[in-house]
Amino acid sequence: SLLGTERRSFVVVSHAPCDQALALYLEGAGDLADSKVIEWPLGGISLFEKNGAAEDGWTLKYYGDTAHMPGDYKQGLKHWSLPCLKK
């Protein structure tokens with residue numbers, strides 16, 4: 001279980017809307033206005049960390065980072081978003 005204390009990391013490879021929905025859940029922001037989750041760039045990587053017990057939750061370290069991508073892809077060639085995140 002992701003909620004157990006023995007699990008502190010996992011990888012998710014998915015379509016942008018699924019990644020965003022999971023990020024919103026793990027982030028735990030009470031309101032979308034308080035969320036750091038934005039449009040998802042092509043090749044973006046996000047990192048959540050868990051340091052303690054299940055009730056401590058997850059901490060968002062970075063979201064949609066594309067620094068690892070080569071050349072023109074570094075900025076993300078396209079961005080996707082859940083309709084609720086479009087501004």
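**Starting from F48**

Analyst: F48 is in contact with A23, L26, E27, W58, T59 and L60, leaving out residues up to four places away in sequence; contact here means heavy atoms within 4.5 Å. Before going on: this is a predicted model, where local features need pLDDT of at least 70 and side-chain atom pairs count only at pLDDT 80 or more, while totals for chains, interfaces and linings use all residues. Residues are numbered from 1 along each chain as its sequence is written, and side-chain values use heavy atoms, with hydrogens and water left out.

User: Got it. Is F48 buried or exposed?

Analyst: F48 counts as buried because its relative accessibility is 13%. Buried means under 20% relative accessible area, exposed means over 50%, and partly exposed is in between (1.4 Å probe, protein chains only).

User: And where does F48 lie?

Analyst: F48 is part of strand 2. Helices (H or I, at least four residues) and strands (E, at least two) are DSSP runs, numbered from the N terminus.

User: How many helices and strands does the protein have?

Analyst: There is 1 helix and there are 4 strands. Along the sequence the pattern reads α-β-β-β-β.

User: Which residues of helix 1 are buried?

Analyst: They are A16, D19, Q20, A23, L24, L26 and E27. Their cover includes strand 1 (40-41), strand 2 (45-49), strand 3 (59-65) and strand 4 (79-80). As background, an α-helix has 3.6 residues a turn, so residues three or four places apart point the same way.

User: Which residues make up the largest nonpolar core?

Analyst: It has 12 residues: A16, A23, L24, L26, V37, W40, F48, W58, L60, Y63, L82 and L85. Helix 1 and strand 3 each supply at least two residues of this core, and the largest share, 4 residues, comes from helix 1. A nonpolar core is a set of buried Ala, Val, Leu, Ile, Met, Phe, Trp, Tyr and Cys residues joined through side-chain atoms within 4.5 Å. In soluble globular proteins, nonpolar side chains tend to be buried together.

User: What about charges, how many salt bridges does the structure hold?

Analyst: It holds 1 salt bridge. K61 pairs with E49, and their closest N and O atoms are 3.8 Å apart. The two link distant parts of the chain, with K61 in strand 3 and E49 in strand 2, 12 residues apart. A salt bridge is a side-chain nitrogen of Lys or Arg within 4 Å of a carboxyl oxygen of Asp or Glu.

User: How accessible are K61 and E49?

Analyst: K61 counts as partly exposed because its relative accessibility is 46%. E49 counts as partly exposed too, because it comes to 30%.

User: Switching topic: which residues form the nonpolar patch on the surface?

Analyst: L42, Y73, L77 and W80 do, with about 360 Å² of accessible area together. Patches are made of residues with over 30% relative accessible area and no salt bridge; like charges are joined within 9 Å, and nonpolar side chains (Val, Leu, Ile, Met, Phe, Trp, Tyr) within 5 Å. Accessible areas come from the Shrake-Rupley method with a 1.4 Å probe, and for residues only the protein chains shown count as cover.

User: Where is Y73 found?

Analyst: Y73 sits in the loop between strand 3 and strand 4. Y73 counts as partly exposed because its relative accessibility is 39%. T66 also has its place in the loop between strand 3 and strand 4, but T66 counts as buried because its value is 10%. The residues T66 touches include P41, L42, Y73 and K74, not counting residues up to four places away in sequence.

User: Last one: how much of the whole protein counts as buried?

Analyst: Of its 87 residues, 30% count as buried. The accessible surface comes to about 6,000 Å², and 55% of that belongs to carbon and sulfur atoms.
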